[in-house]
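Hi,

Here is the structure we talked about. Please open it next to this note, as the residue names below are meant to be looked up as you read.

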Amino acid sequence: MARKYVLVAMVAAVLALGGLVPGPAAAHAVLLESSPPPKAEVLGSKVEFNLRYNSRVDAKRSRLSLQSPNGTRNLEVRQGKSEAELSARAEGLSPGQHVLHWDVLSVDGHVSRGVLPFMTFEK
Ligand SMILES: [Cu+2]
């Protein structure tokens with residue numbers, strides 16, 4: 001009888017562990033740092049973006065689109081200083097609220113997404 005309970009406890013422990021052990025999803029690209037930082041107030045109409053992730057990202061298969069008061073545009077995505085960084089630039093921004101949408105492919109083959117909102121003001 002006692003043996004049966006031990007077996008049940010072992011099965012329960014294995015099931016519980018299965019839920020805790022991180023799978024490949026843990027390697028998704030997570031944004032660690034950005035320039036400008038979220039909710040920044042930028043003076044002028046030009047912005048240089050730099051996004052740093054927790055893992056290598058594929059610049060060629062990542063997308064950055066900038067949503068502005070006068071419309072949305074796709075930015076040219078470049079590899080940053082390291083393989084975990086992406087950079088891009090935008091010019092001619094009208095003053096107001098902008099949101100950079102990032103759609104990034106990390107080394108594990110998964111895409112992750114996020115947004116970076118900021119404001120621009122006339123110089
Ligand atoms: Cu993943």
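Start at Glu48. This residue is partly exposed, with a relative accessible area of 43%. On this scale, buried is under 20% relative accessible area, exposed is over 50%, and partly exposed falls in between (1.4 Å probe, protein chains only).

Before you go on: this is a predicted model, in which local features need pLDDT of at least 70 and side-chain atom pairs count only at pLDDT 80 or more, while totals for chains, interfaces and linings use all residues. Residues are numbered from 1 along each chain as its sequence is written, and side-chain values use heavy atoms, with hydrogens and water left out.

**Salt bridges**

Searching the whole structure gives 5 salt bridges. The term stands for a side-chain nitrogen of Lys or Arg within 4 Å of a carboxyl oxygen of Asp or Glu.

Glu48 pairs with Arg89, and their closest N and O atoms are 2.5 Å apart. Distant parts of the chain are linked here: Glu48 sits in strand β3 (residues 47-53) and Arg89 in strand β7 (residues 85-90), 41 residues apart. Strands are DSSP runs of E with at least two residues, helices are runs of H or I with at least four, and both are numbered from the N terminus. Arg89 is also partly exposed, at 43%.

Next, Glu83 bridges to Arg56, with 3.6 Å between the closest N and O atoms. Glu83 is in the loop between β6 (78-79) and β7, and Arg56 is in the loop between β3 and β4 (63-68), so this pair ties together parts 27 residues apart in sequence. Arg56 is partly exposed, with a relative accessible area of 48%.

Then look at Arg113 and Asp103. Their side chains meet in a salt bridge of 3.2 Å, N to O. Arg113 lies in strand β9 and Asp103 in strand β8, 10 residues apart. Arg113 or Asp103: which is buried and which is exposed? Arg113 counts as exposed, at 61% relative accessibility. Asp103 counts as buried, at 18%.

Bridges that share partners also build a network, made up of Glu48, Arg89 and Glu91.

**Copper site**

Which residues coordinate the copper ion? They are His28 through ND1, Asp108 through OD and His110 through ND1, at 1.9 to 2.1 Å. Donors here are N, O and S atoms within 2.8 Å of the metal (3.2 Å for Na, K and Ca); water is not among the atoms, so sites may look incomplete. The sequence spacing of the donor residues is H-x79-D-x1-H. His28 is partly exposed at 25%. Asp108 is partly exposed at 25% as well.

**Aromatic pairs**

The whole structure holds 2 aromatic pairs. In Phe49 and Phe118, the ring centres are 5.6 Å apart and the planes stand at 65°, so the pair is edge-to-face. Phe49 is in strand β3 and Phe118 in strand β9, so parts 69 residues apart in sequence are tied together. Phe49 is buried at 2%. Phe118 is buried at 0%. Tyr53 and Trp102 are edge-to-face too, 5.1 Å centre to centre and with 75° between the planes. Tyr53 belongs to strand β3 and Trp102 to strand β8, so this pair ties together parts 49 residues apart in sequence. Tyr53 and Trp102 are both buried.

The cut-offs: rings of Phe, Tyr and Trp (its six-membered ring) pair if their centres lie within 6.5 Å, with planes under 30 degrees apart called stacked, over 60 edge-to-face and the rest tilted.

Tyr53 itself is at 2% relative accessibility. Its C-alpha is 4.4 Å from that of Leu31, which is 22 residues away in sequence. Beyond four places in sequence, the contacts of Tyr53 include Ala29, Val30, Ala84 and Leu86.

**Backbone**

Two spots in one loop are worth a look. Ser35 and Pro36 are joined by a cis peptide bond, with omega about -5°. Pro36 is in the loop between β1 and β2 (40-43). Lys39 lies in the loop between β1 and β2. Its phi is near 65°, a positive value in a residue other than glycine. Lys39 is exposed, with a relative accessible area of 70%.

Best wishes

Terms used
Contact = heavy atoms within 4.5 Å.
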